[in-house]
Protein chains: 2
Amino acid sequence: MARASTRARVHAAVLSLAAESGFGGLTMEGIAARAGAGKQTLYRTWSSPAAVLLDALLEQSLDASGEVAIPDTGDLRADLETLVHGMIAELTDPATDRLLRAVTAELQTDPAVGSEVLDRLLGPQLRAIADRLARAGVECPEDGAELLLGPVFHRWLLRTRPFTEDWPAAHVERVLRAVSFG
Amino acid sequence: MARASTRARVHAAVLSLAAESGFGGLTMEGIAARAGAGKQTLYRTWSSPAAVLLDALLEQSLDASGEVAIPDTGDLRADLETLVHGMIAELTDPATDRLLRAVTAELQTDPAVGSEVLDRLLGPQLRAIADRLARAGVECPEDGAELLLGPVFHRWLLRTRPFTEDWPAAHVERVLRAVSFG
DNA sequence: AGCCAAACGAGACGGTCCGTCTCGTTTCGT
DNA sequence: ACGAAACGAGACGGACCGTCTCGTTTGGCT
């Protein structure tokens with residue numbers, strides 16, 4: 001669809017612009033100018049600034065890890081705590097917080113972005129956690145994964161209250177009890 | 001700040017426009033025109049179409065109920081199931097789904113909308129649930145309320161999978177077990 | 001009743017970004 | 001070497017933006 005070199009320049013442009021002026025400062029015209037690309041070239045592949053940013057973020061995350069990795073030391077409780085701590089760290093990192101919120105916001109209105117996020121980010125993550133739970137003998141692993149992540153997203157997205165140091169341990173404790181593993 | 005009659009006309013305008021063309025069709029100019037108001041009048045009180053819509057929705061919900069009411073029949077399990085069913089029904093109602101998503105999206109970028117939602121909608125709801133849990137003798141009622149609502153929002157917001165008929169009962173079952181009430 | 005300041009309706013204004021459209025150029029497969 | 005596909009550039013009309021004046025209405029105060 002699009003030339004690899006073009007994609008690379010556009011990705012670099014959207015990431016640098018987002019880092020400089022936040023998501024609110026992203027426009028198709030701005031991205032095109034920074035990338036040295038025509039607007040038509042952008043519209044040929046992406047439908048909105050959020051779609052461009054999402055694509056760049058996904059490519060970046062794939063470069064880094066290749067696959068979604070869930071800790072698996074044999075100690076389920078410890079693994080889940082590590083996981084929750086990592087999630088909280090990423091969600092609250094000022095560098096990524098705004099970008100993730102922007103993608104989440106766009107996900108609410110643009111169905112294409114929604115299914116892209118689900119297919120390439122959230123889905124694999126949920127499946128990986130569910131697999132980890134299933135391997136430990138949990139009965140409803142999908143529901144367990146949702147029970148683990150739901151409250152984290154809830155607190156972060158809706159800004160109900162800050163995360164505390166001791167909450168993840170207590171939360172994992174409750175989740176394990178919920179799935180009959182305490 | 002603003003005259004009551006003006007507020008009423010603006011609220012009616014934003015609700016009718018949102019019902020007709022969805023949230024995407026909301027603009028300050030459009031709302032002002034429909035309400036027969038000057039743009040300056042809108043900007044004097046609200047900062048964005050989302051803020052206007054939120055204000056209208058909040059006023060509407062206050063008119064209807066006056067206070068946040070949580071079922072309290074003495075049967076905790078039944079009450080929570082009623083609550084979850086009601087939430088799912090409201091979240092998935094086509095008439096409100098898009099509006100709630102729009103407000104949630106705006107909540108990610110506009111801090112003013114965020115604290116407004118928290119103060120007048122989410123906060124009271126969470127507190128009411130936590131109170132209900134506390135009355136039943138649950139130890140960490142705030143965490144319990146979060147455990148109950150988090151997965152519901154998670155599934156709805158991120159569109160991971162549809163709600164099924166039997167999920168609420170199983171979910172409440174797990175939450176009660178998590179807070180040592182099963 | 002009469003007054004005055006605050007709130008208002010209307011809309012002009014320059015500006016930004018939208019999404020579409022040409023046009024001439026570059027790139028790449030064969 | 002050639003033809004098609006992808007591209008860079010930017011013109012274009014249009015929608016909204018947020019700010020700004022204006023002259024008018026409204027409601028409280030005396």
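What rotation and what shift along its axis superpose chain B on chain A? A rotation of 180° with 0.0 Å of shift does it, at an RMSD of 0.1 Å.

## Ground rules

This is a predicted model, so local features need pLDDT of at least 70 and side-chain atom pairs count only at pLDDT 80 or more, while totals for chains, interfaces and linings use all residues. Residues are numbered from 1 along each chain as its sequence is written, and chains are lettered from A and ligands numbered from 1 in the order in which they are written.

## Chain A at a glance

Chain A comes to nine helices and zero strands. Both kinds of element are DSSP runs numbered from the N terminus: helices are H or I with at least four residues, strands are E with at least two. The C-alpha trace of chain A spans about 60 × 35 × 25 Å along its principal axes.

Of the 182 residues of chain A, 35% are buried. Here buried means that 20 or more other C-beta atoms lie within 10 Å of the residue's own; exposed means 12 or fewer, partly exposed is in between, and C-beta atoms are placed from the backbone. Now for contacts, where two residues qualify if their C-beta atoms, placed from the backbone, lie within 7 Å. Among contacts in chain A between residues at least 6 apart in sequence, 59% join residues at least 24 apart.

## Two cores

A nonpolar core is a set of buried Ala, Val, Leu, Ile, Met, Phe, Trp, Tyr and Cys residues joined through C-beta atoms within 7 Å. The largest one has 49 residues, and those touching the most other members are Val14(A), Val52(A), Leu53(A), Val14(B), Ile31(B), Val52(B) and Leu53(B). Leaving aside residues up to four places away in sequence, Val52(A) touches Val10(A), Val14(A), Ile31(A), Leu42(A) and Trp46(A). There's also a second, separate core of 45 residues, which includes Leu76(A), Phe153(A), Leu126(B) and Val152(B).

## Where the chains meet

The contact between the chains takes 30 residues from chain B and 30 residues from chain A. On the chain B side, α6 (94–109), α7 (111–135), α8 (141–158) and α9 (167–178) each supply at least two residues.

## Around the DNA

A residue is near a strand if its C-beta atom, placed from the backbone, lies within 6 Å of it. DNA strand C is surrounded by 19 residues, the closest being Thr27(A), Arg3(B), Ala37(B), Gly38(B) and Thr41(B). On this surface, α2 (28–35) and α3 (39–45) of chain A and α3 (39–45) of chain B each supply at least two residues. α3(B) gives the most, with four residues. The split by class is six nonpolar, seven polar and six charged.

DNA strand D has 18 residues around it, and the closest are Arg3(A), Ala37(A), Gly38(A), Thr41(A) and Gln40(B). This time α3(A) gives the most to the surface, with four residues. Its classes are six nonpolar, seven polar and five charged. In an unreviewed entry, UniProt places the feature "DNA-binding region" at residues 27–46 of chain A; such annotations may be inferred rather than shown by experiment, with feature names shortened and positions given in the numbering used here. That span is 75% helix and 0% strand, and its end C-alpha atoms lie 12 Å apart.

Most residues other than glycine have a negative phi. Arg159(A), not a glycine, has a positive phi of about 50°. Its place is the loop between α8 (141–157) and α9 (167–178) of chain A, and Arg159(A) is partly exposed, with 17 other C-beta atoms within 10 Å.

In chain B, Arg159(B) also has a positive phi, of about 55°, and lies in the loop between α8 and α9. Arg159(B) counts as partly exposed with 17 C-beta neighbours inside 10 Å.

Key
Ala, Val, Leu, Ile, Met, Phe, Trp, Tyr, Cys and Pro count as nonpolar, Asp, Glu, Lys and Arg as charged, and the others, Gly among them, as polar. Copies are superposed by least squares on the C-alpha atoms of residues with pLDDT of at least 70 in both.
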